[in-house]
Amino acid sequence: GGAVVSCDQCSENWCMSCSKELSKAVVAHSGVNCEEYLANGDPFVQKHKTKIYEEILNLKCPSCKAVFGDFDGCFALTCGTCKAGFCAFCLKACGTDAHAHVRNCSLNPQKGGYFFSKDVFVRTHAKNRRDKILRHLEKIKSENMRLEVFDQIASDLKDLSIQINREEVVNLKA
């Protein structure tokens, strides 16, 4: 990176060159020069964003890891890629047929049923994803980096009905 200064208040190290260029405080970036940082963004922020998108926001078949995004109302899903059966509530692999599991799944709001609205699907996964994202963000030691990651994914979270506000992220303790 460029010239680095340390703040005696927060103990964070800041890149003066990038901070000046972007007109905002930029955490010192090691491993990339300022030109690379300004072109691609903080590689550590990108790494956390990628992990959140690929491992939390993308819903996947538990058997082959193929991403899926929709279903037809029956929560006993069959993967279009590997034909494995799995539960749309908890994403548990269920052999070739998930109906028996879905009827008794702990996340099923109406035991015995397996047809539910897309709204039930969205709410179920919004809560699960929210919890996983907060746990992931909590592991980021730098509050500034944690906020940068959150700020960059916030609009996508809103689109997915995942409600996390900036204050919650500020209050996380690494």
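Tutor: Helices here are DSSP runs of H or I with at least four residues, strands are runs of E with at least two, and both are numbered from the N terminus. The model is a predicted one, in which local features need pLDDT of at least 70 and side-chain atom pairs count only at pLDDT 80 or more, while totals for chains, interfaces and linings use all residues. Residues are numbered from 1 along each chain as its sequence is written, and side-chain values use heavy atoms, with hydrogens and water left out.

Rings of Phe, Tyr and Trp (its six-membered ring) pair if their centres lie within 6.5 Å, and planes under 30 degrees apart count as stacked, over 60 as edge-to-face and the rest as tilted. Seven aromatic pairs are counted by this rule. One of them joins F89 and F116, whose ring centres are 5.4 Å apart with planes at 70 degrees, so this pair is edge-to-face. Because F89 sits in the loop between β6 (85-87) and α4 (99-104), and F116 in the loop between α4 and α5 (118-138), the pair ties together parts that are 27 residues apart in sequence. Buried means under 20% relative accessible area, exposed over 50% and partly exposed in between, with a 1.4 Å probe and protein chains only. F89 is buried at 0%, and F116 is buried at 11%. Ring pairs also link these two with F68, F75, F86 and F121 into a cluster.

S23, in the loop between α1 (16-22) and α2 (34-40), has a positive phi of about 55 degrees and is exposed, with 66% relative accessible area. K83, in the loop between β5 (76-78) and β6, has a positive phi of about 70 degrees and is exposed at 52%.

Helix α5 also meets α3 (residues 43-57): their axes, which are lines fitted to C-alpha atoms over the stretch in contact, come within 11 Å and cross at roughly 150 degrees. The two helices are therefore roughly antiparallel, a term for angles over 145 degrees. Contact, meaning heavy atoms within 4.5 Å, is made by H48, K51, I52, I56 and L57 of α3 and R129, K132, I133, H136 and L137 of α5.

Definitions and conventions: Axes fitted to C-alpha atoms, helices over the stretch in contact; angles between N-to-C directions. Parallel < 35°, antiparallel > 145°, perpendicular 65-115°, else oblique.
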